[in-house]
Amino acid sequence: MYRIIAAFFLLVASVATSSAQPALFPSVWQNQNGSLLKVLAIGPAGNFNGVFINYGPPCPGAVYDVAGGMRGPLIQFQAWKAWSLDCKSVTLWRGRMINATTVVVQWVMTYGGRRVRGVDTFRRI
């Protein structure tokens, strides 16, 4: 009996997750500082990759590789390895999709041996 109940809940959860996940690919998102997240590819499991163009400190204009994933409304992504400027920073964002055009995330950036934290709101453009 427990197996049947567990299977039922897994089925309901997977249906809810697949229907709640909005299409990310291809898309461009801009945060309140003007920085851009460009989602270039997404896999069937919700994993995605793209680029992040930073317009805030510490390296305005730096372009970073991005990889992340979505599980239902939850989203997480990380930027590292600047293409041009070597800022030696790594940033991790975690949060949720509020709706199809808005993502609110908390972030932690490691730069120069210290950690900086903040909150970003990305809007689809």
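In which strand is the place of Ile98? Ile98 sits in strand β6, where strands are DSSP runs of E of at least two residues and helices are runs of H or I of at least four, numbered from the N terminus. The model is predicted, so local features need pLDDT of at least 70 and side-chain atom pairs count only at pLDDT 80 or more, while totals for chains, interfaces and linings use all residues. Residues are numbered from 1 along each chain as its sequence is written, and side-chain values use heavy atoms, with hydrogens and water left out.

**Fold**
- The protein chain has 1 helix and 8 strands.
- Along the sequence their pattern is α-β-β-β-β-β-β-β-β.
- Of the 125 residues in the protein chain, 35% are buried (buried means under 20% relative accessible area, exposed over 50%, partly exposed in between, with a 1.4 Å probe and protein chains only).

**Largest pocket**
- The largest pocket holds about 300 Å³ of space.
- Its lining has 17 residues, and those closest to the pocket centre are Asn54, Pro57, Trp93, Trp107 and Met109.
- Two or more lining residues come from each of β6 (89–99), β7 (102–111) and β8 (114–124).
- β6 gives the most to this lining, with 3 residues.
- By class, the lining of the largest pocket has 9 nonpolar, 7 polar and 1 charged residues (nonpolar: Ala, Val, Leu, Ile, Met, Phe, Trp, Tyr, Cys and Pro; charged: Asp, Glu, Lys and Arg; polar: the others, Gly among them).
- A pocket here is an open set of points on a 1 Å grid over the protein atoms alone, where a 1.4 Å probe fits, with protein on both sides within 12 Å along at least five of seven lines; lining residues have an atom within 4 Å of a point.
- Grid points are joined across faces, edges and corners, and a volume is the space filled by probe spheres set on the points.

**Surface patch**
- Ile98, Val104 and Val119 make a nonpolar surface patch of about 240 Å².
- Patch residues have over 30% relative accessible area and no salt bridge, and nonpolar side chains (Val, Leu, Ile, Met, Phe, Trp, Tyr) are joined within 5 Å.
- A salt bridge is a side-chain nitrogen of Lys or Arg within 4 Å of a carboxyl oxygen of Asp or Glu.
- Accessible areas come from the Shrake-Rupley method with a 1.4 Å probe.
- Ile98 counts as exposed because its relative accessible area is 51%.

**Individual residues**
- Phe77, in strand β5 (residues 74–82), is buried because its relative accessibility is 1%.
- Phe77 and Phe48 are 29 residues apart along the chain, with 8.5 Å between their C-alpha atoms.
- Arg114, in strand β8, is exposed because its relative accessibility is 52%.

Technical notes: Patch = residues over 30% accessible without salt bridge, like charges linked within 9 Å, V, L, I, M, F, W, Y side chains within 5 Å.
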